[in-house]
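Grab a pencil and work through these exercises with the structure open beside you. Each task comes with a worked solution.

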Amino acid sequence: MFELLMMWDWLGFALRWLHVITAIAWIGSSFYFIALDLGLRKAADLPAGAHGEEWQVHGGGFYHVRKYLVAPSEMPEHLTWFKWESYSTWLSGAALLMVVYWAGGELFLIDQSKADLMLWQGIAISAASLSVGWLIYDRLCKSGLAERPTLLMVLLFVLLVVMGWALNQVFTGRAMMLHLGAFTATIMTANVFFIIMPNQRIVVADLQAGRTPDAKYGKIAKLRSTHNNYLTLPVIFLMLSNHYPLAFASQYNWLIAALVFLMGVTIRHYFNSRHARKGNPTWTWLVTALLFLGIIILSTLGLENDGDGEDQAALRGTALVMARADGFEEVHELVLGRCSMCHAREPFWDGIRRAPKGVLLESEADVARQAHAIYLHAGVTDAMPPANVTFMDPEDRAAIRRWYRAAQM
């Protein structure tokens, strides 16, 4: 079982690596094409149907790019479609979510102090949350609000805030942030799969059949692409937030997420305005700084219910098995002496005000719930304590391994 655990952890690492690589490709191409689109210039020698052009230099060569609002008079022999960057990012992210938050749901997904749910119920809510946002958002876009893009963006923001609050009523702060990011990323990828790509295929099919394509398909795709552009930066923040407990472990984490979405708008507005040569809106710097200051303040107003005073009677599932395994008492005392000075509700290690990554290792319940992390970080590797500052010796690490393996018998 412990060999399987290490393989499972490596699987998570591999999926995270793949997810980051594909996200770089998707976000990079998205930012590039938004900047390209906004920077197009008119020229007297543009061919019929061309909307604008731009000259660029990169990698020792020059590129001459032209954009057609509908399509050129004749289809080129080779046409590059940008879609797999988005699909691969979503698929790898969904797989990573299943590995970390579904398989590890007892620790990372459900907060028992908020909702007394079985693991399968939490997984069902997790899966449903990824689709419900797209269904509501898509209905809004098709309701006529496409002609009022500002109002549509406001309603999308309200939807995201409500979803963040709702997820926080059930999930841990870490899972809420991650799922809100996945919820948003699902909207973005669904835009590509269900709207942008089909509309482009309609245009191509019309051209191949000798028909004049309807410009409305390009307009619809452009609206969805613009939404994706403004949602990208908040999604990145939410995906990174699980490494920073000040972001996810605050009582007001859903409000922090809401301010992050507003920061995404102000930051992208600045760059979009610059790329479109519509001025230099430096006021966005001040607004972004104030929003970030608001996030900092919210993060210091208190932490989630951390279960202080829980004992083994409150445990269930895997955590209960770990608490009853031979050697648990020894490991609990060992962790108290080597780890709890940092991983405490009130850390007393100089310079640490919050337990790293929100991991608490004081009570028996804390240690039982964190068995997986303790085994990997302090049993089979020497990642913890950092630089072995509390002098955990090989015999201590061996005791952790014996306890963990005894629980698998």
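**Exercise 1.** Is R66 buried, partly exposed or exposed?

*Solution.* Keep in mind that you're looking at a predicted model.
- Step 1: look up the number, which is a relative accessibility of 33% for R66.
- Step 2: recall the cut-offs, with buried meaning under 20% and exposed meaning over 50%.
- Step 3: R66 falls in between, so it counts as partly exposed.

**Exercise 2.** Which residue forms a salt bridge with R66, and where do the two partners sit?

*Solution.* 
- Step 1: find the partner, E53, whose salt bridge with R66 has its closest N and O atoms 3.5 Å apart.
- Step 2: E53 belongs to strand 1 (residues 50-58) and R66 to strand 2 (residues 61-68), so to speak a link between distant parts of the chain, 13 residues apart.
- Step 3: check the cover on E53. Its relative accessible area is 11%, and because buried means under 20%, E53 is buried.

**Exercise 3.** Which salt bridges does D138 form?

*Solution.* 
- Step 1: start with K142, where the closest N and O atoms of the salt bridge with D138 are 3.1 Å apart.
- Step 2: go on to R224, whose side chain meets that of D138 in a salt bridge of 3.0 Å, N to O.
- Step 3: K142, at 54%, is exposed.

**Exercise 4.** How many salt bridges does a search of the whole structure find, and which residues are linked in a network?

*Solution.* 
- Step 1: take the total, which is 11 salt bridges.
- Step 2: pick out the network, where salt bridges link D37, K67 and K222.

**Exercise 5.** Which helix gives the most residues to the nonpolar surface patch?

*Solution.* 
- Step 1: meet the patch. Its members include Y252, L255, F292 and I296, and the whole patch has about 810 Å² of accessible area.
- Step 2: name the helix. Helix 10 (residues 283-299) gives the most, with 6 residues.
- Step 3: I296 lies in helix 10 and has a relative accessible area of 41%, which makes it partly exposed. Patch residues need over 30%, so I296 clears that cut-off.

Methods:
Residues numbered from 1 in each chain as written. Predicted model: local features only at pLDDT ≥ 70, side-chain atom pairs only at ≥ 80, totals over all residues. Heavy atoms only, no water. Patch = residues over 30% accessible without salt bridge, like charges linked within 9 Å, V, L, I, M, F, W, Y side chains within 5 Å. Areas by Shrake-Rupley, 256 points an atom, 1.4 Å probe, with all protein chains shown as cover. Salt bridge = Lys/Arg side-chain N within 4 Å of Asp/Glu carboxyl O. Helix = DSSP H or I, 4+ residues; strand = E, 2+ residues; numbered from the N terminus. Buried < 20%, exposed > 50% of the residue type's maximum accessible area, 1.4 Å probe, protein only.
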